[in-house]
Every structure is written in C-alpha cells, then in structure tokens.
Amino acid sequence: MSNRVCVCPTFHVSRFTLCFLAMAISLVSNVNVLSAASPSLAERVVEHRLANGLTVLMVERHQTPVVSINITFAVGGINEQVGQTGLAHFYEHMAFKGTRTVGTRDYEKEKPILDELARVGTELERRQRAIAQKTSEATVEEQAAVDSLQKRFMDLQAQASQYVVGNEVALLYQRHGGVGFNASTGKDLTRYTISLPSNRLPLWAAIEADRMANPVLREFYKERGVVMEERRLRNDDSPNGLLFETFTSAAFRAHGYGVPTIGWGSDILSLTPADAEAFFKAHYGPNRATIALAGDLDPKDTIDLIERTFGKIPAAPDSTARMAAEPEQRGERRVEVEFDAEPSIIIGYHKPGLGHPDDDVFDVIDAVLSDGLTSRLHRTLVRERRLAASISSSANHPGVREPNLFIIMATPLAPHTTGEVEAAIYEELERLKQEPVSPKELERVINNLDADMVRAMRSNSGLASQLALYQAVAGDWRDILKSRDRVSAVTAADVQRVAAQYFTKSNRTVGVLVKKSNGKTVAAAQNNGVAR
Amino acid sequence: MMGVRRKGLGVRGVGTLGFFGIAIVLLASVVAGCAGELALGDPRTMTFKPVEFSPPDPERIVLDNGMVVYLLEDHELPLITMTATMRTGSWLDPADKIGLAALTGSVMRTGGGGGFSAEEVDEALEQFAGDVSIGIGRQSGSASLDVLSKDLKRGLQIFAALVRTPAFEPARLELAKLQAIEGIRRRQDNPGSIVGREFIKLLYGAEHPTARESTIDSVRRITRDDLVAFHRNTIHPNGIILGVTGDFKKEEMLASLREVFGDWKKGAIPELKIADVPERDAEKPAVRFVDKDTTQTHLRVGHLSIKENDPDYVPLAIANDILGGSSFRSRIFNDVRTKLGLAYSVGSRLNTGVHDQGIWLVRAETKLASTQEVIERFLVNIERMRSEPVSDVELAEAKDAYINSFIFSFSSPSVIVSRLIELEYDGLPKDFLQQLRDKVVKLTKEDILAAAKKHLHPDRLKIVAVGSGKTLPAVLSTFGEVKEIKLSQEG
C-alpha cells in the first residue's frame with residue numbers, strides 16, 4: 001500500500017497523500033488559531049540558497065538541544081529509464097555504503113578492485129543472460145567462460161570485502177546519539193533523515209556533504225539481494241502490495257507512475273554499477289536538493305557550516321530526460337489478483353497533478369468522502385449499509401507532481417462482495433455529481449486541515465519533512481500556505497463539476513483481490529454486474 | 001495500544017530517566033581514524049562537548065477520588081492533549097468472551113455517552129477537528145483527547161462523558177462486532193501477521209492472557225450488558241493516571257478536571273497479575289511451520305525472557321543490542337543483510353515489560369532457498385554471543401549510542417509525561433531510566449557475556465516459519481522435530 005520504499009524497515013505503512021493533505025503543516029499566517037499562542041511560524045522559516053542551487057530551510061526551536069534534518073532530492077522512480085526500474089530506490093540503498101573516506105579501510109587500494117568487480121560482474125551477467133535467451137544449451141566454451149568469470153567475480157568480491165567498514169555511516173551517527181537515520185524513495189522524491197543532539201551538526205554536514213559529493217558503490221551485488229528480499233516482502237507476499245502494484249500498472253500504460261517504485265524483479269537483478277553511477281551523476285546534484293532543519297540551531301552558523309561543506313559541490317547538469325505523457329484512457333480497465341487472502345478492491349480515476357486547479361478540488365472530495373466517522377463513504381458503506389469493514393481514499397496516487405489518480409480502497413464485510421461494495425461506491429460518486437456538498441461539510445474540511453497543520457508542527461522531524469516536501473514538489477515551501485487557501489476557496493459547484501468530469505466509467509481502473517486457496521479460486525467477485 | 005511495554009533498553013530514545021531537573025550530560029566520544037580531504041576534517045575523528053539540558057519537571061497531583069494527574073505546560077502551539085492510562089485490559093477477559101476488553105474500548109469511543117448520542121459525538125468532534133481515541137489492550141487501557149486549546153471546554157466535556165459514562169449504543173456495538181469478526185476472518189491474509197501471532201502462542205501457550213485470541217464465536221457471545229459491566233467493574237478514577245500537556249494554565253486546567261472528574265466515585269481497581277509460563281513449558285524447544293503460498297520464509301526464532309525489573313536487564317539488553325537489536329550496528333544485521341544480502345528486515349529484539357515474562361527473538365524474511373542458511377547464521381551469532389566477550393569497540397559503540405541518544409527521551413513535553421505515567425503504571429521508580437543509564441555507563445564485557453550465557457538459550461529455541469509446506473519440513477528438520485501448525489480458517 002505504501003508508495004515509498006525505504007532503506008530500513010519501519011514496520012508501518014504510510015501513504016504520501018496522507019502526509020500531503022492531512023498532515024500538511026503549519027506555517028499558516030492567516031489562521032486565527034495560530035496567532036493565539038505562537039508567533040506565526042511563517043515568520044520563523046529562514047531560507048537560504050547556495051550558489052550551486054542548494055536550498056536550505058531552517059526553523060529555530062530551542063526547547064530541547066536536538067535537531068532534525070531532512071534532505072529531499074527531487075528525484076524518484078519517474079526518473080528511471082525502461083529496463084532500469086527500481087534504480088532510484090536501489091541508489092538510495094547504495095547511498096548508505098559510504099564514501100571515499102567513510103566505510104573503507106583504504107580507498108586507494110579498494111578502488112581498482114571495485115572497478116574490476118563491476119567490469120567482471122557486468123560481463124558475467126551479460127553472458128548469463130545471453131545463454132538464458134538461447135533456445136539450445138550453452139556450448140562447452142560458453143559455459144567455461146561463464147564459470148571462469150564467476151570464479152573471478154567471487155574472488156574479487158572477497159578481496160573487496162577486506163576493505164569494507166560495514167555500515168560505517170550509520171555507526172557514526174549512532175555513536176553520536178543520532179536517531180531516525182533512514183531514507184525513503186517514492187515516485188517523485190528521495191528523502192534522507194536523521195535527528196541528532198544539536199551540537200553534532202558539524203558531524204552531519206561533514207558526512208552528508210561527503211555522501212552528496214563522493215559516494216562509493218561498494219557491496220553492490222549483495223545489496224541487490226537485499227532489495228530483492230524487500231520486494232518479496234512488500235509486494236510479492238503482501239496481498240495489498242501486490243494488488244496496488246497490479247492496479248497501478250494497469251492504470252498507467254505510458255507514464256512512469258505505473259511502475260512500482262521498488263522496480264520489477266528482473267530489472268532489479270539486471271542493474272549494474274554503471275547504471276547506479278550514471279543515475280547519481282545525473283540526479284544527485286545540490287541543485288536538486290532541499291535541506292530542511294528544525295530544532296536547536298543558529299541559522300547564521302548553520303548557513304556558514306553548509307556553505308563550507310555543501311557549497312563546494314558542483315551542480316548537476318540540467319535534466320535531459322524525456323517523460324512519456326499518459327494518453328487519455330478510453331475505456332474501463334479491470335484487473336484481478338488471485339491471492340490466499342480475503343477480497344478487497346481499489347478503484348482509481350485519472351486526474352491532474354499539483355498545480356492544476358482541479359487538484360485542490362480533489363483534496364476536498366477526498367476529505368468529504370473518507371475523512372473521519374462522519375465522512376460519506378464511512379457513514380454509508382460501513383455504518384448504515386454494513387457492506388464494508390473499512391474504506392479510505394487518496395487524492396494523489398502514486399505521486400503528487402504529475403497527473404495521477406484519485407483512488408478509493410475498500411474491504412468488504414462478509415458475506416458482502418467486492419461487487420456490492422463497488423456498486424455502492426459508484427452511488428456515492430453519483431451523489432457528488434447530483435447534489436452539492438453542504439456548507440457544513442466544506443467547513444469541516446477546512447477546520448480539520450487547519451488543525452492538522454498545527455499538529456504537524458509538534459515534532460522537529462515532522463516540521464522539517466513538510467518544509468522539504470513542499471519545497472521539492474511545488475518549488476516553494478510557501479505552497480503549504482497557498483494550498484490551504486486554495487482548498488478553502490473550493491466551492492460546492494467546483495466539487496460537482498469535477499466529479500462529473502472525472503468520475504466516469506471510461507476514466508476508471510478497478511483492481512480486485514480475489515481469494516484463492518489450495519490452488520482454486522474461491523467465489524468472491526462474481527456478481528460484479530456493476531458498470532455504470 | 002498494547003499498553004505498557006517498552007522496547008529494548010530505550011537505546012533509541014525510548015526510555016525515561018530522572019525528572020529531578022537533572023542536567024543530562026552526553027559523553028563526548030573520541031575515536032581515532034585518519035583524516036580525509038574534507039572541509040571540516042574527518043567525521044570519524046570528530047569530538048563534541050556534552051550537551052547539557054534540564055528537562056522540565058511535570059507536576060503530579062492526586063485528586064480526592066484517587067485520579068493521578070500529571071501536568072506540563074507548553075505554550076509553543078495552541079494545542080492541548082491529555083491521555084488517561086486506565087488499569088484495565090484483556091487479561092480480564094472471561095475465557096468464553098475473549099475480545100470483550102477490546103470491544104469495550106472501541107465502543108466507548110463510538111457508542112456515545114454522558115447524554116450525547118454517538119452521532120452527536122462524531123459530528124461535534126469532527127466539526128471542530130478534535131480527536132478522541134479510546135482503546136483497551138492486553139495490560140492497560142488508554143483514552144486520549146487532542147484539541148486546539150480554544151476547544152478545550154467542549155472537547156473535555158465529550159472526553160469525560162465517554163470515559164465515565166459511555167452509552168454503548170446497540171447499533172455501534174453491532175457494527176464493532178461485525179468489524180471484529182471481519183478482522184478475525186482476515187487474520188491469515190498476511191504471512192507476517194501469521195508468524196507473529198503463532199510465535200507468541202507457541203511461547204506463552206494459546207490460552208495465556210498475553211497470547212490468547214478472540215474467535216468469531218467468542219465475539220458473537222459478547223452482549224451490551226457485558227460491555228456495561230466490564231466498564232463499570234474495571235474503570236475507576238483511582239485506576240487512572242491522566243497526563244496533560246500543552247497550552248493551558250495549570251490552575252485553570254485543574255479546576256476543569258475537577259469539574260468533570262471530581263465527583264466520580266472511587267472503585268475497586270483490578271489487580272494486574274499475569275501468571276508465568278511453567279518452566280517445563282518455557283524450556284522446551286520446538287520447530288513449527290505454517291504452510292502458506294509465499295515467496296519468502298517468514299521466520300521467528302526465540303524464547304521467553306526476563307522482565308524489565310530483573311537485575312540482569314541492562315547487560316542482557318546491551319547484549320541483544322550488539323547481537324541484533326541495533327539495526328545497522330548489530331552483528332546479525334551486518335552478517336545476514338549487509339554481508340550476505342539474504343534479508344531486508346532482520347534483527348533481534350528483547351521485548352520486556354514488568355507484568356508478564358518478556359520475549360527475546362530473532363526475525364527475518366528470506367527467500368525459500370536461503371531459509372536454512374539464515375537460521376544457521378542466527379545460531380552461529382547466538383552461540384558466539386554466549387561463548388566470547390564482545391569487543392572493546394562494540395561495547396564502546398553501544399554505550400555511546402545509548403548515552404548520546406538519551407536526550408531524545410525528553411524530546412517533547414508529551415514524551416516526558418507519558419514516560420512518567422508508564423513508570424508509575426508499572427510500579428517502577430521515577431528515576432528508573434536514570435538507574436538504567438548509570439548501569440550502562442558501568443557495564444563491562446564480562447557482565448554482557450555472563451548475561452548472554454545465562455539468558456540466551458540455544459537449547460530452548462522455539463522456531464516458527466511461515467512458507468512453502470513442500471520444502472519447509474525438510475529445511476527445518478536439521479533444527480529439531482518439525483510439526484505443522486494447521487490454520488483454521490474461520491467464517
């Protein structure tokens with residue numbers, strides 16, 4: 001269900017959309033609830049831009065001598081090329097392997113071995129693929145060449161391991177009291193986080209500037225194995241994960257949003273060190289990054305520190321990547337996933353992304369439909385008709401920046417079927433087209449948005465995350481405030497118009513999880529004579 | 001809402017310590033290494049002065065009816081939160097009505113109360129963006145209110161009504177029961193959920209209060225009268241510790257609390273006492289598998305362990321930290337994940353409380369073909385932990401990490417208050433974490449080795465694996481006699 005994949009498991013699921021709307025923060029200057037007790041946080045954000053394009057956002061909070069830092073790169077799954085899916089996430093894992101200084105016993109001796117290992121590994125896998133594609137068996141010569149490369153590969157891997165200081169970046173942070181050291185990759189963004197005792201900022205700057213400038217892709221092939229296990233865990237063995245992957249790839253035929261962030265298994269297994277190196281060079285420049293810091297810091301000292309470290313890193317070249325636009329959908333798409341699990345359903349509609357006025361209307365629709373016990377879908381499907389055990393929606397699947405999907409997810413309450421749930425959902429979507437939403441519903445949306453904005457300021461890490469998020473996706477952290485105002489300007493007529501325009505049969509994709517046990521499919525979604 | 005169970009030694013800032021306004025001193029670490037060409041020098045050789053900090057000291061007041069209140073003002077944001085920790089829990093469930101405590105908690109929240117209908121409660125809270133949540137776990141109940149400070153009055157009125165005089169509207173109970181039954185029907189969907197639950201059942205026994213699970217029948221048997229009685233018999237003001245933080249003035253808050261809770265009469269609070277598992281069951285090794293069509297084997301390996309107030313807790317917690325508890329820094333993570341590339345999520349945990357025996361476990365998910373190798377790596381690392389002292393570097397890293405991250409135990413007023421409440425609920429001294437910290441500072445390699453020898457038992461390991469029924473029996477047979485756990489699909 002998560003669109004984000006991480007270097008280290010956190011054992012909980014979060015959806016990007018939720019943090020975008022429901023947790024949108026804070027710095028609301030024109031909301032009276034804030035002026036009551038605290039000076040507007042909008043005035044507390046200090047912004048600095050380095051000559052190389054790096055954006056720095058800071059908020060001073062001196063209650064406790066700690067600081068949280070979020071580095072967000074405007075790079076993610078959508079920056080991958082065909083055949084290299086999963087590369088953005090895989091690179092994020094490799095970013096934990098250290099630099100020319102950290103993570104090695106002697107980089108001068110390690111480097112030639114790593115170069116040779118990459119060459120041999122790439123050649124070995126090229127030949128293995130060639131043999132696998134042949135219709136006949138490998139010749140004795142072909143097999144001998146592979147065996148020889150394999151032996152050489154194992155030798156080199158063993159040699160390289162002699163120079164590795166395992167997980168030294170993490171070790172340094174832990175030794176100095178760091179917590180929350182992690183990273184996550186989504187379709188739009190890649191994010192790196194840490195919280196530290198506040199006087200350790202120089203340690204952070206030294207490590208992170210080094211990671212941004214001089215990463216070394218050691219332990220490459222082992223880490224591919226780790227990411228394959230992550231894929232099995234999140235997608236292959238998870239009914240929800242597999243349903244989301246299948247549903248999303250059915251909804252997008254051309255655009256990169258259709259590809260799972262973690263990548264297709266065969267692509268992950270084909271990634272080369274050269275691919276990862278090229279991806280880093282193309283995308284990981286300071287001009288693609290936002291650093292947000294919140295906590296016990298001095299902005300002037302912090303800027304000075306960042307100038308001295310990150311300031312020397314050259315900007316990455318302008319992007320030359322071309323991105324496919326999703327063609328208009330011309331008819332309903334339905335997919336099923338058979339799994340040894342109880343049924344569930346996802347329904348999605350194509351919609352515009354951030355920056356389009358209709359996007360804000362969908363935020364309102366999202367809240368009206370599924371935010372809270374009084375929301376329409378919960379009230380009708382769960383409480384009154386008792387068709388569903390749970391139901392939720394999201395206005396930005398699987399990313400925010402590009403045209404995306406509005407989705408509704410539900411689990412039926414037995415003996416009711418996904419077909420009955422689906423029909424009931426369509427009735428509620430029709431109601432949005434036929435009747436205006438009430439002033440009370442609109443008021444509730446904005447009241448909750450304002451309160452959630454205040455709540456999101458509670459933690460340093462939440463605050464840093466929100467600032468960096470908006471800066472990276474909208475190009476300006478102030479969009480936190482602007483988007484709140486845009487949402488508050490949405491009218492009942494807007495909702496009706498948008499519902500009528502986008503919630504159409506031909507614009508929708510439906511994914512159904514179908515129960516399968518002991519090799520046979522159990523009747524689940526039989527009566528799906530639902531189409532409207 | 002599992003109540004009061006701290007995870008590990010609080011090495012990740014999950015921990016408490018004294019609240020006497022003690023200045024926390026973070027030790028500077030000095031580690032040698034060679035310098036690189038970095039603007040600030042080599043991060044491996046950096047040293048820092050200790051961070052000093054006096055955490056704010058919450059006020060503790062006892063109302064006449066025995067309700068304990070902790071108050072800590074924090075005026076940065078216009079928010080107020082309060083959390084009532086209640087001495088109730090599913091250890092009190094009657095054997096034929098497992099699920100009663102959990103249902104009581106959920107319908108306290110959704111079923112109206114104090115003259116407000118369920119509909120009125122939901123409408124009011126969601127219109128002013130107030131949040132109330134109530135839940136009852138195995139060893140405690142929790143009710144919390146989260147409002148903008150301007151909404152305190154109406155929020156508190158609803159909160160107190162639901163906690164003191166819940167109405168348990170029949171339609172809301174009926175829905176909660178249906179949802180609980182649907183949850184039971186979906187228990188076998190995810191291999192991770194299956195392995196976690198079957199492991200706990202194997203350790204404690206399926207009927208033990210820490211492990212037992214509701215069934216469709218047990219939920220169906222529960223009536224509204226049962227909920228009313230469970231609430232009336234177990235939830236009393238003298239069994240509640242209320243923590244309040246945020247944007248309020250202490251005297252005004254106390255007056256408001258007395259207004260809504262002051263005339264609530266004391267009652268007989270239930271005794272929180274959970275039987276230990278008999279030694280002969282705890283020491284028996286076992287190997288079990290569950291047949292599920294998966295791409296990975298989902299693994300748990302471990303046994304019952306000590307309670308958190310055991311004198312060996314600190315050395316064992318640090319032993320576990322080095323063995324597999326500290327993610328990137330730990331031996332098992334470095335071995336199975338970093339060096340071998342065989343798992344994404346891998347490590348060990350020491351989960352302890354004071355009311356029931358703790359659990360020590362090692363976990364991983366790995367592809368079917370590497371299952372045996374991963375278990376073998378677990379065993380090798382466990383054995384090494386028991387047979388040789390940790391290195392000086394490992395000990396220093398573990399100590400530095402614990403001591404330097406200690407400050408995160410005070411990252412916010414609500415963290416400070418909820419920690420104090422946990423300790424009081426568990427009957428631990430309020431400087432318990434400070435005591436732990438002092439023990440960590442003095443810890444030696446010999447202490448760790450002795451604790452590992454005494455408390456990690458390779459001959460008692462219980463192994464649960466969820467995965468392919470075709471290959472798992474053979475793979476697991478090298479670790480003992482293998483038996484299958486047959487899942488019964490309910491509903």
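Modeller: Axes here are lines fitted to C-alpha atoms, for helices over the stretch in contact, and angles run from 0 to 180 degrees between N-to-C directions. The model is predicted, so local features are given only at pLDDT of at least 70 and side-chain atom pairs only at pLDDT 80 or more, while totals for chains, interfaces and linings use all residues. Residues are numbered from 1 along each chain as its sequence is written, and chains are lettered from A and ligands numbered from 1 in the order in which they are written.

Colleague: How do you describe the way in which helix α3 and helix α8 of chain B cross?

Modeller: The axes of α3 (residues 152–164) and α8 (residues 250–261) of chain B come within 10 Å and cross at roughly 35°. Both are helices in the DSSP sense (H or I runs of at least four residues, with strands being E runs of at least two, numbered from the N terminus). The crossing of α3(B) past α8(B) is right-handed, a term used if the near helix is turned clockwise from the far one by less than a right angle, with anticlockwise being left-handed.

Colleague: Which residues in α3(B) and α8(B) meet?

Modeller: On α3(B) they are B:Leu156, B:Gln157 and B:Ala160, and on α8(B) they are B:Ser256, B:Val260 and B:Phe261, where contact requires C-beta atoms, placed from the backbone, within 7 Å. This contact divides into four nonpolar, two polar and no charged residues; Ala, Val, Leu, Ile, Met, Phe, Trp, Tyr, Cys and Pro count as nonpolar, Asp, Glu, Lys and Arg as charged, and the others, Gly among them, as polar.

Colleague: Why is A:Ile71 called buried?

Modeller: A residue is buried if 20 or more other C-beta atoms lie within 10 Å of its own, exposed if 12 or fewer, and partly exposed in between. A:Ile71 has 24 such atoms within 10 Å, and therefore counts as buried. This residue lies in strand β4 (residues 66–73) of chain A and touches A:Tyr192, A:Glu208, A:Ala289 and A:Ile291, leaving aside residues up to four places away in sequence. A:Leu469 is 398 residues away from A:Ile71 in sequence, yet their C-alpha atoms are 9.4 Å apart in space.

Colleague: What makes strand β7 of chain A largely enclosed?

Modeller: Seven of the seven residues of β7 (residues 289–295) of chain A are buried, so the strand is largely enclosed by the rest of the structure. A:Ala289, A:Ile291, A:Leu293 and A:Gly295 point one way, A:Thr290, A:Ala292 and A:Ala294 point the other way, and all are buried. In general, side chains of a regular strand alternate between the two faces of the sheet.

Colleague: How do you know which strands β7(A) pairs with, and in what sense?

Modeller: Two strands pair if DSSP finds at least two bridges between them. Strand β3 (residues 55–60) of chain A runs parallel to β7(A) with six bridges, and A:Glu60 stands opposite A:Gly295. β4(A) pairs with β7(A) in the antiparallel sense over seven bridges, one of the partner pairs being A:Phe73 with A:Ala289.

Colleague: What makes β4 and β7 of chain B edge strands?

Modeller: In chain B an open sheet of six strands has the order β4-β5-β9-β6-β8-β7, with mixed pairing. β4 (59–62) and β7 (131–136) of chain B each pair on one side only, and are the edge strands. The twist from one strand to the next averages 15°. Within chain B, β6(B) and strand β8 (residues 141–148) run antiparallel and are joined by eight bridges, and B:Met82 has B:Leu145 in β8(B) as its bridge partner.

Colleague: What is omega for the peptide bond that joins A:His397 and A:Pro398?

Modeller: Omega is about -5°, and the bond between A:His397 and A:Pro398 is cis. A:Pro398 sits in the loop between β10 (388–397) and β11 (404–412) of chain A. The bond from A:Ala414 to A:Pro415 is cis as well, with omega near 10°.

Notes: Contact = placed C-beta atoms within 7 Å.
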